[in-house]
Amino acid sequence: MSYQTPRGTYDILPEQTPAWQEMEEMIREVCRLYRYTEIRTPVFEDTRVFKRENDSSDMVNKEMYTFETGHDSYTLRPEGTAGVIRAFDQHKFYGGRELPMRLYYMGPMFRHERPQKGRQRQFTQFGIENIGVSSPEIDAEAIALGCSIVKRMGISSVKVCINTLGDDASRDAYRKALKEYFTPHIDELCGDCHRRLEQNPLRILDCKADADNPILAGAPSLRDYLNEESREYFRRVLEALDALGIAYEIDDRLVRGLDYYTHTVFEVKSTRPDSGAQATVFAGGRYDHLVEYFGGPKMSGMGFAIGLERLLSLAEEEGWTPKNSEKAQVYVISLGEVGSVPLKIAETLRKEGIAAEVNLVGRSLKAQFKSAERNGAEVIVIVGESELKEGKVNIKNSRDGQQFTVALEELITKTKEMLG
RNA sequence: GCGGUUGUGGUGAAGUUGGUCAACACACUGGAUUGUGGCUCCAGCAUUCGUGGGUUCGAGUCCCAUCAAUCGCCCCA
């Protein structure tokens with residue numbers, strides 16, 4: 001019987017892990033610079049952590065991996081924010097800690113969707129949450145953090161799209177206006193939009209099916225319903241972005257899929273033509289009700305998530321490769337009856353911090369040299385039966401082919417010399 | 001969840017209107033060369049064509065189902 005990974009999941013093979021490790025290390029370094037610290041939450045939670053009342057998103061309603069144990073219902077996390085806010089409230093971080101809390105997470109997420117380029121059922125997200133204080137500068141700084149990561153991956157073909165949903169008062173007023181506008185035209189809209197009209201009329205605006213529908217073009221604009229406070233907030237976000245030198249486009253159709261956003265929402269998309277339909281690299285926004293929902297005080301938060309598979313694939317399309325070396329520095333070859341001497345030599349080198357590989361499978365001399373080459377060894381140590389009798393071994397620089405015979409005691413020094 | 005395309009060894013692939021042995025190249029293993037990496041030459045490397053059924057005297061080639069990848073819709077990171 002043979003098996004394969006479940007649909008939409010995949011193995012990260014040894015050829016790929018250096019790239020992942022380097023990406024992850026770089027992200028942790030950026031978080032260190034921006035003073036975010038990591039939080040690790042379970043990969044499954046009580047289903048209600050994700051499935052909140054009034055949530056109309058497909059992610060929550062159609063795409064979750066939910067399972068029952070006894071009377072309890074659990075769900076594999078489809079996103080990171082809910083778990084982090086749950087933890088924030090559970091541990092009462094809102095009292096006694098300096099706010100805002102600046103947290104990041106990195107790990108697998110699960111959504112039962114039909115896989116395609118840039119979309120799998122288990123995928124990896126890195127995300128940050130900045131919880132406890134609402135400030136336009138925080139929003140701008142968060143976007144800067146994400147952009148910094150994108151930039152460090154060598155990606156340049158992206159654009160930042162940003163919008164504001166306004167505060168509750170603005171949003172409610174707008175929602176009401178949209179409903180009034182669309183209701184008489186309901187028959188001209190697609191089936192999904194019928195549902196959206198009741199649950200979340202804002203979503204009609206970025207409906208793909210009706211994108212070219214003139215009804216949409218004539219819809220009232222959120223801008224006209226923003227109160228003074230919301231306008232001022234957004235203006236300051238943009239001002240801060242300008243100050244940080246981050247280019248952006250204002251897209252007033254951008255409303256985002258998750259229902260919890262207020263004020264700032266943004267999406268950073270690839271502008272490469274070969275990115276496929278899933279071009280969003282990272283996206284997020286401000287949320288004003290989540291902390292309260294999980295039992296904490298009324299507090300605002302701001303966060304985003306990066307799809308790491310998308311980030312990496314985009315980086316590789318732009319020519320990024322990891323600098324990490326998986327090569328052997330030294331390869332130890334055996335010739336004749338030399339017992340476990342090569343093994344001991346390799347071990348000694350490793351104690352000196354030198355990556356050493358030793359032939360353990362009894363191959364021919366030629367095969368051992370080939371193997372040394374394939375492993376990228378810079379220095380080859382040849383342990384030959386006859387030299388060994390005199391307490392000596394051969395050491396060869398694989399770059400220029402020069403070879404010396406040295407006493408065993410000198411081997412470490414000589415090796416270090418050759419490695420430079 | 002819906003629609004299109006694809007599926008032959010480790011990899012890239014050829015397989016004509018269904019008709020013995022499943023090309024070729026690369027990679028890999030061994031040898032020519034019993035102590036030195038290249039080159040060359042020789043040999044080995046798919047009881048089998050994603051999987052399971054069916055049609056047929058005969059199927060990699062036709063039909064059905066199923067699994068997976070991929071693209072688009074939808075959704076989203």
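The model is predicted: local features need pLDDT of at least 70, side-chain atom pairs count only at pLDDT 80 or more, and totals for chains, interfaces and linings use all residues. Residues are numbered from 1 along each chain as its sequence is written, with chains lettered from A and ligands numbered from 1 in the order in which they are written.

I noted that β6 (residues 122-131) and β11 (residues 301-307) pair in the antiparallel sense over seven bridges. Strands are DSSP runs of E, at least two residues, and helices are runs of H or I, at least four, numbered from the N terminus; two strands pair if DSSP finds at least two bridges between them. I then traced the open sheet of eight strands, in the order β1-β5-β6-β11-β10-β9-β7-β8, with mixed pairing. β1 (37-38) and β8 (249-250) stand at the edges with a single partner strand each, so one side of each has no neighbour in the sheet.

I next checked the cores, that is, sets of buried Ala, Val, Leu, Ile, Met, Phe, Trp, Tyr and Cys residues joined through C-beta atoms within 7 Å. A residue is buried if 20 or more other C-beta atoms, placed from the backbone, lie within 10 Å of its own. The largest nonpolar core has 58 residues, and Tyr 104 and Val 150 are among those with the most contacts inside it. Helix α5 (residues 136-152) gives the most to this core, eight residues.

Note on methods:
A residue is buried if 20 or more other C-beta atoms lie within 10 Å of its own, exposed if 12 or fewer, and partly exposed in between; C-beta atoms are placed from the backbone.
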